[in-house]
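Thanks for coming. I will take a few minutes to walk through one model, starting with how its chains meet.

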2 protein chains.
Amino acid sequence: MTSTEQARAPSRRDEIVVIAKNLFAEKGYAATSTRDIAEACGLLPGSLYSHFRSKAQILEMIIAPFSTRLVDEQRAVLAAGGRGADRLEAMIRRVVALCADHAAEIRILHYDWPHVSGADDLHALVVHGNETLDLWLQVLAQGVEDGSLRATMQPELAVRAITSTIHGVLDRQRYGTRPDLSRALGLDALADEVVAQLTRGLRV
Amino acid sequence: MTSTEQARAPSRRDEIVVIAKNLFAEKGYAATSTRDIAEACGLLPGSLYSHFRSKAQILEMIIAPFSTRLVDEQRAVLAAGGRGADRLEAMIRRVVALCADHAAEIRILHYDWPHVSGADDLHALVVHGNETLDLWLQVLAQGVEDGSLRATMQPELAVRAITSTIHGVLDRQRYGTRPDLSRALGLDALADEVVAQLTRGLRV
DNA sequence: CGCGGAAGCTAGCAGTCGTTTGTTTGCCGC
DNA sequence: GCGGCAAACAAACGACTGCTAGCTTCCGCG
């Protein structure tokens, strides 16, 4: 069990990952130097490299648990029964709840995606990202099939609307001077409104 | 008329701005060095500074025309008459059309917003960004008032859904392996679907 | 013809970046 | 008490960053 998978007993490594996660979320991946991370950990710059191969690997260890969890949640919704529209609603709620719990990861994925998709070490994260999109497509297709979702929709466009809306609603970076919605409304009311927005739209 | 405002006769300066715009859009602001820009212009690194005070000023000259144009379009819609829901639809169409015409600027604003909002020279762009959000809020408020938009909506949330959806639908960076929607559907069909998504939602 | 000014070149500064190498420390099991 | 080993230190590497100062080239205008 010395493989790449093990979790218990939060090692030093894990502490560093948490610290780096917050730094990346605050200042962005590119703008956060390995020296910044080291300093925040009470380490010298070189010492990071007894825990990680590279800066990119730190990023991977930040994002990977979240993105696997994300597709797991989506798959769970698909595995359960129900009509398409109801599954879609359930999926939105679970994803919103999960993302709200992982604001830092969301922020990093949102703004530093070019770094993620560009790095060779990180294409596993790109695969996860595409899986997420495919799972959204699947709920939508089911909903169209059983007649509970609008047949005229463009699924690729709808998926982008869904994911962009969820990210945008939870983002605190771009709307810095504006209210933090998840705090202002509470998580349940927020999820309700995201569902309403995406499934019912803005008209009466 | 030697002030900061003048346009005609595309000077060398303007050519450089266009080249820099495309580089920023491809690789991001931080990842594009002044040497990259100079090389793409057939210049040596230092020569840029006989045209610009700083790298940030180049960014400003890229974004400013677009963002002023954006709020102008929005204001034009508000100045015209009509019910709230119809104005909202008109605003969406005009913003989508404008943004589709300025994919590079959108991409830069989207991914490099932290650099924009962080730089001292660039807070004019932040002001424009907030104006845009306020103008969206105004259409929504009118629509609620005249009963054409859902009174239960959370306007701040709706604004984020709108802007995020427009950005997400036009983005080619995050969905690199996926179809380019504006090419696949054509601009009119794309705008139709964005309007439908935002005002009618995904349900039947 | 001469000159002013824009545009570009040359060379380099001062700093930061991610990373590497070699060494030292301190703890755990034997 | 001693070997082993992970964690951390110390010091630096080469490359790259935005930017500056001073010089040259050249075109248009008087």
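Through which surface do the copies meet? They meet through the same surface, because 100% of the interface residues of chain A are also interface residues in chain B.

Before the details, some ground rules. This is a predicted model, in which local features need pLDDT of at least 70, side-chain atom pairs count only at pLDDT 80 or more, and totals for chains, interfaces and linings use all residues. Residues are numbered from 1 along each chain as its sequence is written, while chains are lettered from A and ligands numbered from 1 in the order in which they are written.

Confidence next. pLDDT is the predictor's confidence in each residue, from 0 to 100. Chain A has a mean of 91, with 95% of its residues at 70 or more. Residues 1-8 of chain A have pLDDT below 50, and beyond near neighbours in sequence this stretch has one contact in the model; a contact means C-beta atoms, placed from the backbone, within 7 Å. Where pLDDT is low, the predicted coordinates should not be read in detail.

Now the symmetry. Chain A superposes on chain B by a rotation of 180 degrees with 0.1 Å of shift along its axis, at an RMSD of 0.1 Å (least squares on C-alpha atoms of residues with pLDDT of at least 70 in both copies). The two copies are thus related as by a two-fold rotation axis. Of the residues of chain A, Gly201(A) comes closest to that axis, its C-alpha being at 2.0 Å.

Back to the interface. Here 45 residues of chain A are in contact with 45 residues of chain B. On the chain A side, two or more residues come from each of helices H4 (84-101), H6 (113-118), H8 (155-170) and H10 (187-199). Helices are DSSP runs (H or I, at least four residues), numbered from the N terminus. H8(A) gives the most, with 11 residues.

Within chain B, look at helix H1 (residues 12-27) and helix H3 (residues 55-79), which pack at about 90 degrees with axes 10 Å apart. The axes are lines fitted to C-alpha atoms over the stretch in contact, and angles run from 0 to 180 degrees between N-to-C directions. That makes H1(B) roughly perpendicular to H3(B) (65 to 115 degrees). H1(B) contributes Val17(B), Ala20(B), Lys21(B) and Phe24(B), and H3(B) contributes Ile58(B), Leu59(B), Met61(B) and Ile62(B).

Last, the DNA. Of the 16 residues around DNA strand C, those coming nearest are Ser33(A), Gly46(A), Ser54(A), Lys55(A) and Gly46(B) (C-beta atom, placed from the backbone, within 6 Å of the strand).

Definitions and conventions. Contact = placed C-beta atoms within 7 Å. Parallel < 35°, antiparallel > 145°, perpendicular 65-115°, else oblique.
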